[in-house]
Amino acid sequence: MVTQRRNHTREFRLQCCRQAATGEKHPAQRICREHNLSESVLLRWRKEYEARGEAAFTEKQPFGDEALEARIAELERFCGQLSLENQILKKSLASMQSPRGI
């Protein structure tokens, strides 16, 4: 029998972790039973929640070489955009000047 993988929202995960952390619903087995979760899933969520706090379950920011490469790519796109705008402005300025050279 194959079980389907469920996708839980960030808010749901945070709610379960907060309940376990504050002791609102204790033990963790009770939370798992109520929400039909595996204990290993809740444990994995709790570890991420403890490590990242309220920023848990969001996209992780790249670090090291990945962060540098992403920053370089972002700056190259920005530089290209500025270059294109500069060319457009130069053409506009040239077309606006009168034939007398004012």
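This note goes through the predicted model point by point, from the overall fold to single residues.

1. Basis of the model. The structure is a predicted model, in which local features need pLDDT of at least 70, side-chain atom pairs count only at pLDDT 80 or more, and totals for chains, interfaces and linings use all residues. Residues are numbered from 1 along each chain as its sequence is written, and side-chain values use heavy atoms, with hydrogens and water left out.

2. Overall make-up. The protein has four helices and zero strands, and its pattern along the sequence reads α-α-α-α. Helices (H or I, at least four residues) and strands (E, at least two) are DSSP runs, numbered from the N terminus. Of the 102 residues, 18% count as buried. Buried means under 20% relative accessible area, exposed means over 50%, and partly exposed is in between, with a 1.4 Å probe and protein chains only. Among contacts between residues at least 6 apart in sequence, 52% join residues at least 24 apart; a contact here means heavy atoms within 4.5 Å.

3. Crossing of α1 and α3. Helix α1 covers residues 10-22 and helix α3 residues 39-52; their axes come within 9 Å and cross at roughly 85 degrees. That makes α1 roughly perpendicular to α3. The axes are lines fitted to C-alpha atoms, for helices over the stretch in contact, and the angles run from 0 to 180 degrees between N-to-C directions. Angles under 35 degrees count as roughly parallel, over 145 as roughly antiparallel, 65 to 115 as roughly perpendicular and the rest as oblique.

4. Residues at the crossing. From α1, the residues F12, R13, L14, C16, C17, R18, A20 and A21 meet L42, W45, R46 and Y49 of α3. The residues of this contact divide into nine nonpolar, no polar and three charged. For this count, Ala, Val, Leu, Ile, Met, Phe, Trp, Tyr, Cys and Pro are nonpolar, Asp, Glu, Lys and Arg are charged, and the others, Gly among them, are polar.

5. Aromatic pairs. Rings of Phe, Tyr and Trp (its six-membered ring) pair if their centres lie within 6.5 Å; planes under 30 degrees apart count as stacked, over 60 as edge-to-face and the rest as tilted. By this rule the count comes to two aromatic pairs. The ring centres of F12 and W45 are 6.1 Å apart and the planes stand at 90 degrees, so this pair is edge-to-face. It links distant parts of the chain, with F12 in helix α1 and W45 in helix α3, 33 residues apart. F12 is buried at a relative accessible area of 18%, and W45 is buried at 5%.

6. W45 sits in helix α3 and F57 in the loop between α3 and α4 (65-96), 12 residues apart.

7. Which side of α2 is buried? In helix α2 (residues 28-35), I31, C32 and H35 are buried. They cover an arc of only 100 degrees around the axis, which puts them on the same side of α2; the arc is that of the directions from the helix axis to the C-beta atoms. An α-helix has 3.6 residues a turn, so residues three or four places apart point the same way. What covers the buried residues of α2 includes α1 and α3.

8. Positive phi values. Just after α2, N36 takes a positive phi of about 55 degrees. N36 lies in the loop between α2 and α3 and is exposed, at 57% relative accessibility. F57 has a positive phi of about 70 degrees although it is not a glycine; F57 is buried, with a relative accessible area of 13%.

9. A56. This residue lies in the loop between α3 and α4 and is buried, with a relative accessible area of 0%. Not counting residues up to four places away in sequence, A56 touches R10, E48 and Y49. The C-alpha atoms of A56 and R46 are separated by 9.4 Å, and the two residues are 10 apart along the chain.

10. A21. This residue of helix α1 counts as exposed, at 56% relative accessibility. A21 and E50 are 29 residues apart in sequence and 9.0 Å apart in space, C-alpha to C-alpha.
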